[in-house]
Amino acid sequence: MIFSHRLHTPTVKLFLLATLALIQVASFSARAHVETPDNQATLWFEKSDLPLDEKLHVKVLDNGMRVIVIANDKPKTAVSVRMRVAAGSLQEAGQEEPGLAHFLEHMAFNGSTNVPEGEMVQILERHGLSFGKDTNAETNFKQTVYMLDLPKNDVETLKTSLFIMRETASELTLDEGAIERELPVISSEVRERTTLDLNMLYDWSSFVLRDGNIIERIPLGTLDGMKMVDKQRLTDFYRHYYTPENTTLIIAGDVDVQKTFAMVEKQFGDWRVKGKQPETYSKQVTLPSQPEARVFLDDNARTTVELNFLEPINREPDSKSKRSQELTLYIANQALQYRLETQSYASEGKLLSPYVGSYNQFDVIAINQLSMTTPQGLWREGLQVLDQGLRQAVQYGFTEQEIKRQLDKYHNLLKLDAEAEDDTYSADYASKLVSDVNNSMVTTSSAFDLSLFEQSVMSQDLEVFNLAFHRHWQGKAPRVYVTDRPSNESTKIATSQDVLETYQVASAKQVSPYTPQKQAEFAYQSFGKVGRAEKLETTEFGAVTRYRFENGVYLNVKPTDYESNAVYISVRAGKGKLGLTQEEGAFATLFDAGFVAGGLEAHDINDLRSIFSGRQINANIYLTDDAIESQYRVPPQDVLDQLRVTVAFLTHPGYRASGHAFAIEHLKSIYDSYPTTPERVLGFNSGEVMYQGDSRWVYPSIESVEALPLTVLKPFVERSINKGPVEVSLMGNISEQQAVDYVAQTFGALDIKAQAFLNRPVTQIKLAPNKSYTFYHRGEPNTALASGYFTLPDGSNYRDVVGFAILRSILQIRVNDAIREQTGKAYSPWVDSSQSLLYKDYGYLNLNSNTTIENVDVVLNIYKQLVKDLQEKGVTQDELVRAVTPIIDRVEQSYENNSFWFGLMAQASSYPENLANEANFEAYASKVSVQDIQKLANRIDVSSMIEVRVLPMPK
């Protein structure tokens, strides 16, 4: 069971309960199609008994470049192209060049032999690719990857994508002026990503990975390193490593394999250059001979404790035996994870987010890691629980029941993957191949993963799992890493010596065998007399069938065949935050944080985890503006029980004090940590900006929430489910009759009188134009956020909604050019918009930039000027084409996507105009003219822009 619970905020989705941590294991099937006589020389891994996925077609060109093609029609006409160059930050010369590989990646978009600076993105936009979403690149330690996701597979688009990749591979001009112009952009990226997490990573690596020195070559680079980059360094790196033999081109999509190989040969066949083979990083991490400790102190840090047990990486080639060993250890680790989670949920918030895992860190060392988060200053409790839990498992092992629980859970997941293998998207195939090539892994199919697990892992005796756990965790001295805050009124500041002494005392205590929890049975199977439903209509667009039960519950159903193992479920009950009074405003935060944590009358969370262990049942219930909402994606066999669990929470909630305590500690950690970045601060304070400080959308003080027991929610929940409205939606691999039957046994059986949906539009929520807000963050001291909101009409006129969506895309193009490219004042400015169907006259266009303090007002003025330019000068036809083409080219693919339909049909009864509007989207979008955009721009009052500044906290 994945029993998770969301704290529904603009910035944080808080999971109070367990989510499944999957081991990264490649998949498999039969023999691949290899296009050269020397099969092994073609492949990227050492000889293995693992057969390659038969979907792969692999060829090496005469120049040594590897090409992998996968014919796949999910979604139709789409093609994902990845060019992997086996050169990353580990190929840099050392401390004098941190960030060189990253800088070179940026230069791929800044001029080549046949593409002038600034035109590459425009070429791709004309072919339907959005910058950032469909065109991107990334650099890590061992590779640089260039990514294109093509919305269509016509010859011209494919030729253009291969042409762009070839220009990147061998034709970059690396002009000195372009390098100088790119420096502010990449410096903005480094500054934006220099966060508490990055600082902690530097500190953690210098301790846990002692003498490895790998963190000095972090792919992001440093500001000082970027300033040292010049044409000669970039050219040397480019010529040494960007060579055919270091390059793998991956093409996955709706293509003809042999024609694609021919196109690649024509584009890349004459690329003849020799360079260096990337060397393996040889620095060795020093292993500890006795326990060691370090404390990281920061005003923004959460209190965490880690036990890191190090061992050399298993460098054996990928094989059946190696994967079986890894899976055996994974299952045993998950058994301990389950134990620690059980303690966590019973701890009333004193023990949070336990983790047990074994992984390779930066490909230099293998780490077996235990970790726990606690309230501030309580790291000792966390350390003691981790040490005791580990020694219990090492000394006494796990029971048959514990191992079987984890085997069943992972087995079920593998079966679902195997059943849905034909549903795999091309972009997922491409990403998986990049990972496998980077890690010298055999790319296998989900069918083989399942077979290997069943034959080599599930058949093993209990002792095999216990021995595997013992072998990796016993007899090693840990590096204990604690993060905390430097000041705490009730607890003295932690030191490394304190941590060592605590560990020594804890590890000297004897442990007794673990007592597993007893298995319970779910108490909520029936909810009354099976309900009867009246069929209302089947929508012309989308084929969503609507029903209404006698008790007032609405049901929307849409069978699809896009995912064979998935059914999407949505439940909406009551009126959400609008169903609360201003005096009840704090209830919204309490509900999101604590409602699910309170469990059911008959079961606490640990009971539920035990009952539904190994299944995809969840509890994800939160407040939106107009409903208590709950959404899931489950296998078809879990639909009925998922509905039962959701009904049980809405009709028989437990409101346990232990759940309240657990939720409060999680809230405290969120309240303490949100100020670490400007973006989180903006999200946390969005209720102040977007709802004029209405208490239902503003986060109250911790003290006020802590003073409210969960039982204060009871009247609100009861009126939400008893009087409604209630709307249930089921979509995916399910028939209409099944959907009706399942809801008839659950929501349709309730003895309620669900009322009609909210009267719309609601008039009580307004934006406040021409206001200015300033908030403060505690992150990087020279980083700020400039956010501007222009008011738009509401969403009642859909033709205008489509026009404003295109205007937003044009503004995204212009803001990228004006703020990122021309001035380098922000790395990734973004534009958002919304036009409400719920609130009258409520809509906004929002521009954001993470920038420096001195540029906040400059950027806010640029926002205004960009809109003024649209008003006064309009747009060019080329800009309109570049904005509209990516939107229209994705329409047909959207229709093959369950997530797209779910967003529409989940409210087919409460917001029926959504489906009706979507039917006209393509027609409206294709007819928008440059004159239309200028007219829409002139409906924006530039002078009334809402200004939001998020600045560093004054010292």
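This is a short tour of the structure above, from the whole chain down to single residues.

The model is predicted: local features need pLDDT of at least 70, side-chain atom pairs count only at pLDDT 80 or more, and totals for chains, interfaces and linings use all residues. Residues are numbered from 1 along each chain as its sequence is written, and side-chain values use heavy atoms, with hydrogens and water left out.

**Whole protein**

Start with everything shown as C-alpha atoms. Along the principal axes they fill a box of roughly 75 × 75 × 60 Å.

Switch to cartoon. The protein has 33 helices and 24 strands; these are DSSP runs (helices H or I, at least four residues; strands E, at least two), numbered from the N terminus.

Of the contacts with a separation of 6 or more, 83% are between residues 24 or more positions apart, a contact being heavy atoms within 4.5 Å. Buried residues, those under 20% relative accessible area (1.4 Å probe, protein chains only), make up 60% of the 955.

Select residues 56-60 and 66-71. These are strands β2 and β3, which run antiparallel and are joined by five bridges; strands pair if DSSP finds at least two bridges between them. Pick V58 on one side, and its bridge partner in β3 is I68. The hairpin has five residues between its strands, and G64 in the turn has a positive phi of about 100°.

Most peptide bonds are trans, and most residues other than glycine have a negative phi. The next selections depart from this pattern.

Go to K74 and P75, which are joined by a cis peptide bond with omega of about -10°. P75 is in the loop between β3 and β4 (79-85). Then select R760 and P761, where the peptide bond is also cis, with omega of about 0°. P761 sits in the loop between α25 (736-745) and β20 (772-777).

Select L174, in the loop between α4 (155-170) and α5 (176-193). L174 is not a glycine, yet its phi is positive at about 50°. L174 is buried, with a relative accessible area of 2%.

Finish at D841, in the loop between β22 (830-835) and β23 (843-852). D841 has a positive phi of about 55° and is not a glycine either.

Technical notes
Buried means under 20% relative accessible area, exposed over 50%, partly exposed in between (1.4 Å probe, protein chains only).
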